[in-house]
Amino acid sequence: MKSLLIVLLVFSFLSLSFMTLKDLKDADELYERINALSYKEFARAPGWGERSRATIPHQEGQEIYVDIYINDVILEALEANEPLEEWPVGSLLVKDTYVNGEYTSVGANEKRKDGWVIMQWNADGVAEFAGKPKVCWNCHKIGDDMVRAFRFPQYQDSK
Ligand code: HEC
């Protein structure tokens, strides 16, 4: 019983060290919101018209497939077809991930007044990464204003 308590304590400290309670609350709120918005009915990201093989590095023996959805804000920015240097505030992108055919996680990035957040939940909707996690951030910051699946309108032809 005592050792279980210690394990639980260590575990909660470890999880708090990379996600603050505020991040967790924010993650729960965003998860509820993307579902309330029925994100699976959003438009598909350009170049990702259907479930497709992810380009992110795969582990051996893993097949990763993704569905990538974009909200109206980003869709309108793409349709306006004007050169952009950043995506508008309110842009929301959601990605469902399937590993070897099994639904494993959902991720989202959202552009807010104070910048991007990038989050990930497991298949049960439990937050795994929230706020501005370094592991996600470092890879996404090389995209066009944090977006990796497609480029700004002026580069759409040179994808
Ligand atoms: C190794 C680099 C890398 C890391 C690390 C990474 N991503 Fe991505 N992400 C990509 C790429 C590349 C795409 C475009 C889809 C593809 O090619 O598989 C993408 C696409 C996405 C998308 C769809 C919108 C977009 O920006 O294109 C979301 C949402 C997303 N990632 C969330 C996350 C989250 C959350 C994490 C951290 C848990 C994360 N990513 C970590 C490379 C990465």
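The model is predicted: local features need pLDDT of at least 70, side-chain atom pairs count only at pLDDT 80 or more, and totals for chains, interfaces and linings use all residues. Residues are numbered from 1 along each chain as its sequence is written.

## Fold

The protein chain has four helices and seven strands. Both kinds of element are DSSP runs, numbered from the N terminus: helices are H or I with at least four residues, strands are E with at least two. From the N terminus on, the order is α-α-β-β-β-α-β-β-β-β-α.

The chain has 159 residues, and 22% of them count as buried. A residue is buried if 20 or more other C-beta atoms lie within 10 Å of its own, exposed if 12 or fewer, and partly exposed in between; C-beta atoms are placed from the backbone. Among contacts with a separation of 6 or more, 49% join residues 24 or more positions apart. Two residues are in contact if their C-beta atoms, placed from the backbone, lie within 7 Å.

## Strand pairing

Two strands pair if DSSP finds at least two bridges between them. Strand 3 (64-70) takes part in several pairings. Its pairing with strand 4 is antiparallel and has seven bridges. Strand 1 (residues 43-44) also pairs with strand 3 in the antiparallel sense, over two bridges. Strand 2 (residues 52-53) pairs with strand 3 in the antiparallel sense, again over two bridges. Strand 4 and strand 5 are antiparallel as well, with eight bridges.

Some residue pairs that stand opposite each other are listed here.

| Residue | Opposite residue | Strand of the opposite residue |
|---|---|---|
| Arginine 53 | Tyrosine 65 | Strand 3 |
| Aspartate 67 | Aspartate 96 | Strand 4 |
| Isoleucine 68 | Lysine 95 | Strand 4 |
| Threonine 97 | Serine 105 | Strand 5 |

Strand 4 and strand 5 form a hairpin with two residues between them. Asparagine 100 sits in that turn and has a positive phi of about 50°. Most residues other than glycine have a negative phi. Asparagine 100 counts as exposed because it has 10 C-beta neighbours inside 10 Å.

Asparagine 81 also has a positive phi, near 55°. Its place is the loop between helix 3 (72-80) and strand 4. Asparagine 81 counts as exposed, because 10 C-beta neighbours lie inside 10 Å.

## Nonpolar core

A nonpolar core is a set of buried Ala, Val, Leu, Ile, Met, Phe, Trp, Tyr and Cys residues joined through C-beta atoms within 7 Å. The largest one holds 28 residues. Ala45, Tyr69, Leu93, Val94, Ala108 and Met119 touch the most other members. Helix 2, strand 3, strand 4, strand 5, strand 6 and strand 7 (127-129) each give two or more residues to this core. Strand 6 provides the largest share, four residues.

Not counting residues up to four places away in sequence, leucine 93 touches Ala45, Ile68, Tyr69, Ile70, Ile74, Ala108, Asn109 and Val147.

Leucine 92 lies in strand 4. Leucine 92 counts as buried because it has 22 C-beta neighbours inside 10 Å. Beyond four places in sequence, leucine 92 is in contact with Asn71, Val73, Ala108 and Glu110.

## Ligand shell

The ligand is surrounded by 24 residues, and Ala54, Thr55, Cys136, Cys139 and Ala149 are the closest. A residue is near a molecule if its C-beta atom, placed from the backbone, lies within 6 Å of it. Elements that give two or more residues to the shell are strand 3, strand 4 (92-99), strand 5 (102-112), strand 6 (115-122) and helix 4 (134-140). Helix 4 gives the largest share, four residues.

The shell divides into 16 nonpolar, six polar and two charged residues. Here Ala, Val, Leu, Ile, Met, Phe, Trp, Tyr, Cys and Pro count as nonpolar, Asp, Glu, Lys and Arg as charged, and the others, Gly among them, as polar.

## Methionine 19

Methionine 19 is in the loop between helix 1 (2-18) and helix 2 (21-36). Methionine 19 counts as partly exposed because it has 18 C-beta neighbours inside 10 Å. Leaving out residues up to four places away in sequence, methionine 19 touches Leu24, Ala127, Ala130 and Gly131. The C-alpha atoms of methionine 19 and proline 133 are separated by 8.3 Å, although the two residues are 114 apart along the chain.
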